[in-house]
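Have the structure open as you read.

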Amino acid sequence: MGDRTAFRTCPLCEALCGLELTIDDAGTVTRVRGDAEDPFSKGFICPKGATLGSLDGDPDRLAEPLVKGEKAGWDEAFEAVREGLAGVIGRHGRDAVAVYVGNPTAHSIAGPLYTAAIVKALGTRNLFTASTADQMPKHVSCGHMFGDPLAIPVPDLDRTQHLLMLGANPLESNGSLASAPDFPGRLKAIQARGGKVTVVDPRRTRTAALADEHLFIRPGTDAFFLMALVHTLFAEDLVTDRLPGRVNGLDDLRALAVDFAPERVASATGVPADVIRRTARELAAADRAAVYGRIGTCTQAFGTLNSWLVDALNVLTGNLDREGGAMFPRPAHMPVYRRKKPFTTGRWRSRVRALPEVNGELPVATLVDEIETAGEGQVRALITIGGNPALSAPNAARLDRALAGLEFMVSVDPYLNETTRHANVVLPPPRPAQTPHYDIALTGLAVRDYARYSPPAVPLPDGRPSEADLLARLAMVASGADGDPAALDEMIISTTLAKATALPGSPVHGREPGELRKMLDTGTLTEQRLDMMLRLGPYGDGFGADPSGLTLTRLRTEHPHGLDLGALRPRLDEVLCTTSGRVELCPSTFAADVDRLHAALTAPRHDGMVLIGRRQLRSNNSWLHNVPELVRGSNTCTLQLNPADADRLGVAAGGLVRVTSRTGSVDAVAEPTDSVMPGVVSLPHGWGHDRPGTRTGVAHRHAGVNVNAVTDEQEIDPLSGNAVFNGVPVTLEALATAQAR
């Protein structure tokens with residue numbers, strides 16, 4: 001037959017780049033290039049995407065389940081899961097089982113479709129995800145401001161004239177909570193059309209180096225800086241009201257900002273007062289501007305206040321829901337007519353630390369407490385889906401030890417890694433080339449409305465369940481039922497269609513659900529569910545109501561490279577579901593937390609060293625370090641520190657430095673660089689692959705050190721429960737240079 005070509009969306013980060021795969025007769029991916037015909041990415045590809053073939057063919061990937069470390073058949077593995085979960089639930093109750101969902105799950109079609117069903121089937125309140133190690137402050141701020149925690153405004157990169165970025169490094173991350181292929185090219189285009197890019201960051205990152213202006217800021221002080229911008233806009237009468245009658249809380253925010261004059265926060269932030277004022281004036285004067293804050297602003301003690309103030313600035317400058325400003329994407333699979341309830345938190349609390357539920361989950365920072373602390377409701381079993389919390393959670397070493405004491409653990413993961421080595425059962429999903437793809441989570445964050453479906457490029461071997469089949473069967477086992485996993489999909493389809501036909505405003509209101517069921521795609525049940533979502537979505541055919549509308553068949557056959565649905569359009573009225581029906585510019589919960597911000601501003605300043613994280617272009621958290629092409633070259637897991645701090649410490653490049661915090665210490669290789677401001681050190685996250693019992697040979701040979709040995713599970717943003725990974729107080733000690741490797 002010879003080589004053939006297949007097209008798909010890259011599943012390795014949030015950028016949604018299209019890929020062109022060359023596949024040989026054996027089903028091996030032999031070449032990966034950017035898909036030049038993809039209307040969104042237009043052929044752009046990064047080093048991660050270029051190695052998809054190596055990841056797909058990694059000999060360390062598990063092809064069969066493991067039961068107690070030994071290969072097993074699928075029926076045997078699921079029976080072991082059934083017995084293990086049933087035993088724990090029978091002895092201790094349903095809350096004795098916890099679920100942890102990692103971020104790779106968001107880069108799949110099956111993860112978003114089935115993980116909620118697993119949690120519901122278990123009936124547990126103990127859900128933990130990577131969101132509280134990453135982005136939960138943004139969900140909380142958008143939930144309180146707009147009513148919907150998933151209504152996240154993204155910068156309209158292709159039309160803005162002024163972009164202010166805080167805690168974001170898209171030249172390394174490829175973008176986050178703002179899906180944009182070729183983010184670097186889009187930033188350069190802003191500059192080419194006469195606009196300005198400003199980056200606020202404790203490091204001069206690659207993104208900061210590209211920007212027109214970089215402002216060094218002390219870690220953890222972004223909220224002071226943002227509040228000073230708000231203060232300046234009010235004090236200098238620079239507020240623009242482009243949403244008259246649609247915003248509550250303007251005067252309340254004005255009152256809160258009074259005490260945060262630039263001159264008062266300058267010493268805390270390290271940003272001069274005149275620079276803060278100029279930044280506010282430039283933001284207000286720009287014809288079209290957007291403020292964008294990302295992981296560096298979320299993973300700190302004031303993460304939710306940061307996320308709130310970012311969008312408050314977009315409102316105050318008249319740039320929310322406006323072309324060239326911060327806009328709400330309109331994903332093709334999400335109906336605009338759905339009934340939404342206003343956002344709330346704290347519907348239940350964690351058992352040990354009484355931390356409030358947020359968005360249906362508890363903070364990952366307290367997972368270890370729930371496992372270690374005896375008593376009614378103690379977590380004794382764990383399901384992990386595409387996650388590695390033994391590396392990614394704060395004070396990960398403590399959690400790693402706790403996992404070893406569980407009564408039962410099952411992991412859905414392609415690798416035996418630092419977390420899954422503790423599992424009694426490991427259920428590996430298929431290779432990427434064998435898996436269909438549609439970005440359910442990430443198209444809701446895209447800087448252009450876009451849709452693309454990628455069917456499997458390589459067929460599954462006989463008897464090998466798809467990722468969707470695996471998760472659906474896990475949900476059935478978790479519920480204690482013996483039925484066909486297909487019944488889960490049928491139930492979801494019938495329930496969704498029944499709700500759609502009963503809801504006024506729906507394109508199928510008043511029709512018979514059974515009639516609609518017969519019209520769905522003839523592919524797999526996963527494809528039928530996606531077809532249903534697309535047909536009911538804002539561009540869909542409404543099951544024939546709009547013959548030119550979108551269906552999965554049309555997307556798959558007429559647009560194999562993806563479909564550009566156009567630039568973002570104003571849609572605030574579709575998004576808002578607050579109780580008032582207005583944007584809540586100053587939610588009472590946030591206003592109350594400003595007291596904590598006041599206290600921090602007047603408290604004695606910590607003059608010691610503080611630790612921040614670091615993104616890397618050839619890495620994505622902990623799950624790409626077994627790809628040889630991505631770990632070649634010089635050691636990238638280094639401790640970056642300012643040369644003045646290195647001189648004071650007496651350490652040269654390549655020397656060993658012991659980094660110590662309340663929770664532990666790591667010995668890291670020093671990399672003096674003036675790209676880090678004095679008083680700050682930086683370690684990348686996702687490393688530390690030196691544990692016994694794993695089967696990731698490449699990663700083990702390039703182990704690095706785990707920054708989360710020195711982050712603190714006791715430190716969280718109280719409004720969101722998000723872990724604090726930036727601004728961690730540490731001490732440094734130079735070790736003998738001869739020890740360095």
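Is glutamate 323 buried, partly exposed or exposed? Glutamate 323 is partly exposed, with a relative accessible area of 42% (buried means under 20% relative accessible area, exposed over 50%, and partly exposed in between, using a 1.4 Å probe and protein chains only). Before going further, a word on the ground rules: this is a predicted model, in which local features need pLDDT of at least 70 and side-chain atom pairs count only at pLDDT 80 or more, while totals for chains, interfaces and linings use all residues. Residues are numbered from 1 along each chain as its sequence is written, and side-chain values use heavy atoms, with hydrogens and water left out.

The partner of glutamate 323 is arginine 159: their side chains meet in a salt bridge, at 3.4 Å from N to O (a salt bridge is a side-chain nitrogen of Lys or Arg within 4 Å of a carboxyl oxygen of Asp or Glu). This pair links distant parts of the chain, 164 residues apart, with arginine 159 in the loop between strands E8 (154-155) and E9 (162-166) and glutamate 323 in the loop between H14 and strand E14 (326-327). Helices (H or I, at least four residues) and strands (E, at least two) are DSSP runs, numbered from the N terminus. Arginine 159, at 18% relative accessibility, counts as buried.

Helix H14 brings us to another pair. Searching the whole structure gives 54 salt bridges, and one of them joins the side chains of aspartate 311 and lysine 138, at 2.8 Å from N to O. Aspartate 311 belongs to helix H14 (residues 303-316) and lysine 138 to helix H5 (residues 136-146), so this contact ties together parts 173 residues apart in sequence. Both aspartate 311 and lysine 138 are buried.

What about a pair between strands? Glutamate 213 forms a salt bridge with lysine 196, and their closest N and O atoms are 2.9 Å apart. Because glutamate 213 lies in strand E11 (residues 213-215) and lysine 196 in strand E10 (residues 196-200), the pair ties together parts 17 residues apart in sequence. Glutamate 213 is buried at a relative accessible area of 14%, and lysine 196 counts as buried at 18%.

Salt bridges can also join up into a network, as they do among Arg353, Asp369, Glu372, Arg398, Arg662, Asp712 and Glu713.

Finally, look at serine 411 in strand E16 (residues 408-412). Serine 411 is buried, with a relative accessible area of 0%.
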